[in-house]
Amino acid sequence: LQAYERRFPTCPLIPMFVASDTVNEHKSEDGAIHVIERRCKLDIDAPRLLKKIAGVDYVYFVQKNSLNRRERTLHIEAYNETFSNRVIINEHCSYTVHPDNEDWTCFQQSASLDVISFFGFESRVERIAMRQYTNNIEKGSEIMEYYLRQLKREGITFVPRWTPPVACKSESSTSHPRRPASPAVNIPESATEEGLNNKEILNTSSSPSEPTAGTPDDKLDADYIKRYLGDLTPMQESCLIRLRQWLQETHKGKIPKDEHILRFLRARDFNIDKAREILCQSLTWRKQHQVDYILDTWNPPQVLQDYYAGGWHHHDKDGRPLYVLRLGQMDTKGLVRALGEEALLRYVLSINEEGLRRCEENTKVFGRPISSWTCLVDLEGLNMRHLWRPGVKALLRIIEVVEANYPETLGRLLILRAPRVFPVLWTLVSPFIDDNTRKKFLIYAGNDYQGPGGLLDYIDKEIIPDFLGGECMCEVPEGGLVPKSLYRTAEELENEDIKLWTETIYQSASVFKGAPHEVLIQIVDASSVITWDFDVCKGDIVFNIFHSKRAPQPPKKDSLGAHSITSPGGNNVQLIDKVWQLGRDYSMVESPLICKEGESVQGSHVTRWPGFYILQWKFHSMPACATTNLPRVDDVLASLQVSSHKCKVMYYTEVIGSEDFR
């Protein structure tokens, strides 16, 4: 808070903040409450023509800061004084203490903008205001760090917490219950020396998420972290809590365990925005292809069981599950010709799912967090046959899918007996492998793995496989050539690939500005229940349910041919005719539901009348002249960076004939 106060009366790091004057100030007798109101002079970065038309060079805002040292909160309110009858801007920020860790500060910020009229430049003013607001948010962390370093240079490394004066102590303790007094808090040197950004210092969530089933109640418990998650810095703990809470608020379905969320955070160096993006994409992918159930519902073809030369084999010295792959002995061409690319991919996915399961088991066995596995790849026998183009293409596709959905699961990759042809294969596949993953590769040519720094440094002698000179019998299939009698035609493989790809109860649809996607459901019995489950994969949408007594015209595909869908099942269908009028030809039976990108929505509707019901997913855009709530930085950035008027949803609907369902 001392660092924050140094921004006034003016701040050199905010060029647009020219000056400020105190217009009102109040302090309570015990010093706990301090309310100060300032009139701030701003030089807005706007075109000179617009300033000339408006007749002003500067705009003025009123800012009210309410500091409560007893409750340890700071609330900031701001509104525009200039043009208040034409433009209404309100902003609210709050600094509070984290409810479960009083050494952490929670920060929340929201704002609203309403451009009523502005000489015909309403949209331009809105863009300018949004740009200025976004720039201020992005500069916030830099400014806070600057003043923290300034305090440190002056020798101020801690600030004693407020305690009531002796005369007021008994009175305040009864009327204002507060937390037990605790020692002064050091300003972390890492925050000042390493320049952590604002998202890392301040927790933007107001409270931790509710405990997930099957995990300890206190997610901040040090023993739980050490036992199941490993060493985490306070910043990393904060990132985990915030991302998990966001998932619980938006994804009503299955929430991944903390260990899995951490993998995505680590893969993006604990950048919450980037980790959230890839995690949401992965959750949607898992749901669409039922990956959570692959070990229980999918049986690998016998060809894979006989000729896929890979399998699990004990664990390495760190307790990681060990997977052995005899790639040099495997007939990749024969497997692709006999099974197709999709079956191979599904088998690799089942291997990764088994790896996650084994990591959980080993965590319990060894009493420490184990979140990745070790892969041992024997290249003895690798030759030009393995560089067959369709085989390499299948390998690259597998790498791409695994990299996207199983980050930070490979702890170490030991490549043994690499032949001369290996550099050719490495040149083809290495660009598709993440830099962090590549650092975990150890490559040995010939028999180098038997010397110092070789296999014995990572695997106990007792479990080195027999085919590598060890004494442990390895039950991994030896591979060999797949009989050509098992080969299938290109047409058969193509049909099988489509079947595997579309083997899901969910459908994909694209939603464009001006072209919603609509699904028709005919109801015969009025007591039926329409249920839905959908994920918003891209963009923001509005979900509506309509009823009509008459059937709409046969669905017509969207004519926007440029908006092609890459995955099977992706489409855009409109049912409501342009001449239909709401209230005459059809009626709305549920209130519109605005759904943000990344949200998972489930719901149901008990039908009151027979007839035709239409589920509609419509493109949502913020109106130019309406109040816009901006609870997160992401929303501000998204509103400024809309480069496409395309949304994507993945949905499933079902009709249940029971009015008791709800």
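**Entry 1: disulfides and the model**

I took a disulfide to be a pair of cysteine sulfur atoms within 2.5 Å. A disulfide is a covalent bond between the sulfur atoms of two cysteines. My search of the whole structure, a predicted model, returned 0 disulfides. Cys106 counts as buried because its relative accessibility is 1%. Cys647 is likewise buried, with a relative accessible area of 1%.

I note the conventions here: residues are numbered from 1 along each chain as its sequence is written, and side-chain values use heavy atoms, without hydrogens and water. Because the model is predicted, local features need pLDDT of at least 70 and side-chain atom pairs count only at pLDDT 80 or more, whereas totals for chains, interfaces and linings use all residues.

**Entry 2: confidence**

I read pLDDT as the predictor's confidence in each residue, from 0 to 100. The chain has a mean pLDDT of 79, and 80% of its residues reach 70 or more. Where does pLDDT stay under 50? I found such a stretch at residues 168–219, for which the model has 99 contacts (heavy atoms within 4.5 Å) beyond four places in sequence. Residues 557–569 also have pLDDT below 50, and this stretch has 21 contacts in the model beyond near neighbours in sequence.

**Entry 3: the chain as a whole**

I counted secondary structure as DSSP runs numbered from the N terminus, with helices (H or I) of at least four residues and strands (E) of at least two. The chain holds 19 helices and 25 strands. Of its 662 residues, 47% count as buried. I also looked at sequence separation: among contacts between residues at least 6 apart in sequence, 75% join residues at least 24 apart.

**Entry 4: helix α7**

Which residues of α7 are buried? In this helix, residues 222–229, I found Tyr224, Ile225 and Leu229 buried. They lie on the same side of α7 because they cover an arc of only 100 degrees around the axis, the arc being that of the directions from the helix axis to the C-beta atoms. Ala222, Asp223 and Lys226 are exposed on the other side of α7. The cover over the buried residues of α7 includes α8 (234–250) and α9 (258–267). Gly230 follows α7 and has a positive phi, near 95 degrees.

**Entry 5: aromatic pairs**

A pair of aromatic rings is described by the distance of the centres and the angle of the planes. I paired rings of Phe, Tyr and Trp (its six-membered ring) if their centres lie within 6.5 Å; planes under 30 degrees apart count as stacked, over 60 as edge-to-face and the rest as tilted. The count by this rule is 20 aromatic pairs. Phe534 and Phe543 form a tilted pair, 5.0 Å centre to centre, with 45 degrees between the planes. Both Phe534 and Phe543 are buried. Phe534 also pairs edge-to-face with Trp617, at 5.7 Å centre to centre and 85 degrees between the planes. This second pair links distant parts of the chain, 83 residues apart: Phe534 is in strand β17 (residues 529–538) and Trp617 in strand β24 (residues 611–619). Phe534 counts as buried because its relative accessibility is 0%; Trp617 is buried, also with a relative accessible area of 0%.

**Entry 6: around Phe8**

I found a cluster in which ring pairs link Tyr4, Phe8, Phe17, Tyr95 and Phe107. What lies over the face of Phe8? Arg38 does, at 3.8 Å from the ring centre; I required NZ of Lys or CZ of Arg within 6 Å of the ring centre and within 35 degrees of the ring normal. Elsewhere, Arg276 lies over the face of Trp246, at 4.8 Å from the ring centre. The peptide bond from Phe8 to Pro9 is cis, with omega near 5 degrees. Pro9 is in the loop between α1 (2–5) and β1 (17–27).

Glu408 is in the loop between α15 (389–405) and β13 (410–418), and it counts as partly exposed because its relative accessibility is 22%. Arg417, not a glycine either, has a positive phi of about 55 degrees. Arg417 lies in strand β13 and is buried, with a relative accessible area of 16%.

Notes:
Buried < 20%, exposed > 50% of the residue type's maximum accessible area, 1.4 Å probe, protein only.
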